[in-house]
Amino acid sequence: MNKTWWKEAVIYQIYPRSFMDSNGDGIGDLKGITSKLDYLKTLGVDVLWLSPVYKSPNDDNGYDISNYQDIMDEFGTLEDFDEMLREAHARGLKIVMDLVVNHTSDEHAWFMESRSSKDNPYRDYYIWREGKEDGSAPNNWGACFGGSAWEYDNATDMYYLHLFSKKQPDLNWDNEKVRNAVFDMMNWWCQKGIDGFRMDVISMISKVPGLPDGPATDSGYGDFGPYSVHGPHVHEYLKEMNEKVLSKYDIMTVGETAGVTIEQAVKYAGEDSHELNMVFQFEHVEADGKYGKWTDEKVPLPLLKETLSKWQTSLYGKAWNSLFWDNHDQPRAVSRFGDDRPEYRAVSAKMLATCLHMMQGTPYIYQGEELGMTNYPFTSMDEFRDIESIHAYRDWVESGKLTKEVFWPCLCNKSRDNARTPMQWDDSANGGFTTGTPWIQVNPNYTKINAAAEVNDPDSVFSYYRTLLSLRKQHEIIVYGSYELLLPEDPSIFAYTRTLGNEKLLTVCNFTDQTPDFEIPEEFADAACLISNYKEAAQKLRPYEAYVLKTTL
Ligand code: TEU
Ligand code: CA
């Protein structure tokens, strides 16, 4: 297995809108990020991935881009970006940009040209089709944010495809001009000195010709998945991107590839595939879901272990894993996989961190996770800002499919807005995020859970993450060791070993508030403890206990 910096790195995801507001308009911005670089350096991360900061009308908070080579008004200017990049590099921190090129905003100049007439040179930048004879949409596909994936456009009496919102028209990657325009834009950012790309829904860029109807789903629309995820030319286009852009720089890439299989992941991110460095797989965060993605239940631990372990062992030596519990599209890790009741919040957040950071792959920390930030206690619909949550309520409740009583706990549990409430910096008004009115409400628990309270507390979740990250720098086995799951059926304990040469690690995590027995394997009898979330040793595992032992064989 080749050794590279991005395998050894820890990545921190910033959702700029909610990270730090420098000018009191209630919206996080680039100067805000720059002002917190020292905090991130103290934590010990190596790379910052920024969710999109490009010009955008914000239908989907920046994932709808109207100009790839400029900065969103609320976030600042290109000069602010250059300053942030310089300051990050001066501290040895790398910057990875979000690349959203499955679709643009409908306010992008390309789309405005494209929709203006059938013979416009940009017409084929997007996917236009005639309606059916009765005037209805060209096929049955549903969009990710509800409704049809097709929008009728009066100007030319045709429909355009949008797999997300109608303000996010899909680009036509079969058009060579589109590919080259995207590659030129990427080269422009690379020449600025950025250190990589996280590629939004990159598995969806190639659609099956003819765009056939998809299988029926609960929503009443057809599933576009079989015809536009891992489509016929996706690997060809990524190899072309690699040749024309990625291979020219020392950068890292991670593809967002929901629904990816092991076989597909090896194609995208194999050691010799000449496409991407790694992909995000979503099986462990999509293993729940009663109504589409919506649910108020937890994933059973044996299923969680089986899913994660499959990726650990199947990719080993072939392709590289990325490790995450949460991101800007997911609920808060501690509320979802741990226990956010006050007495267990910190200990279970540390347990989750141990479990993830000792696995094989590059770990990602989502802003606030290092503080043990929790889901938001929603009480009414007007607290939601996310297009997905707002559309979901309309599609499931207002349509009459489910009662509000049934859907509400599911929405609160899974809404993307849980992750998007502002970073909690201190116990001053708005958690120190803004001096103005925040664009989305701050979690009221900021008075207790905040960075200022944690940074200098040796027992905090933050300090625990610091220790974990420094262990990764000291022990190669954490990065490169092979993985083996113990006790696959155990409903409470997640335990596994890592092995490299004559060294072996044992990670033991109790995922419950109970005190199950765990017998330490003989070979670890004299092992040293690298880290633990309880102070002294004990016979039984305590609630949410986690520890790591290291031995030499
Ligand atoms: O998300 C891709 C994606 O598949 C989403 O539908 C995801 O499954 C969903 O948000 C989970 O509830 C990416 C971005 O991460 C997301 O923020 C964007 O909204 C989306 O692409 C469109 O660009
Ligand atoms: Ca601001």
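A polar side-chain atom of Glu388 lies 2.8 Å from an oxygen atom of ligand 1 in this predicted model; such a polar contact is a pair of N or O atoms within 3.5 Å. Asp200 also places a polar side-chain atom 2.8 Å from an oxygen atom of the ligand, and for Asp329 the corresponding distance is 2.5 Å. The protein covers 92% of the 490 Å² of accessible area that ligand 1 has on its own, where areas come from the Shrake-Rupley method with a 1.4 Å probe.

Around ligand 1 stand 16 residues, of which Asp60, Asp200, Lys293, Asp329 and Arg416 come nearest; a residue counts as near if one of its heavy atoms lies within 4 Å. This shell divides into four nonpolar, three polar and nine charged residues, with Asp, Glu, Lys and Arg counted as charged and Gly among the polar ones.

Ligand 1 sits in the largest pocket, meaning that more than half of its atoms lie within 2 Å of the pocket's grid points. A pocket is an open set of points on a 1 Å grid where a 1.4 Å probe fits, with protein on both sides within 12 Å along at least five of seven lines; lining residues have an atom within 4 Å of a point. The space in this pocket is about 1,400 Å³, a volume filled by probe spheres set on the points. Of its 47 lining residues, Ala143, Cys144, Phe145, Lys293 and Glu388 are the closest to the centre. Helix α13 (residues 387–398) gives the most to the lining, with six residues; a helix is a DSSP run (H or I) of at least four residues.

Residues are numbered from 1 along each chain as its sequence is written, while chains are lettered from A and ligands numbered from 1 in the order in which they are written. Local features need pLDDT of at least 70, side-chain atom pairs count only at pLDDT 80 or more, and totals for chains, interfaces and linings use all residues, while side-chain values use heavy atoms, with hydrogens and water left out.

Methods:
Helix = DSSP H or I, 4+ residues; strand = E, 2+ residues; numbered from the N terminus. Polar contact = N/O pair within 3.5 Å; in protein donor to acceptor, adjacent residues only side chain to side chain.
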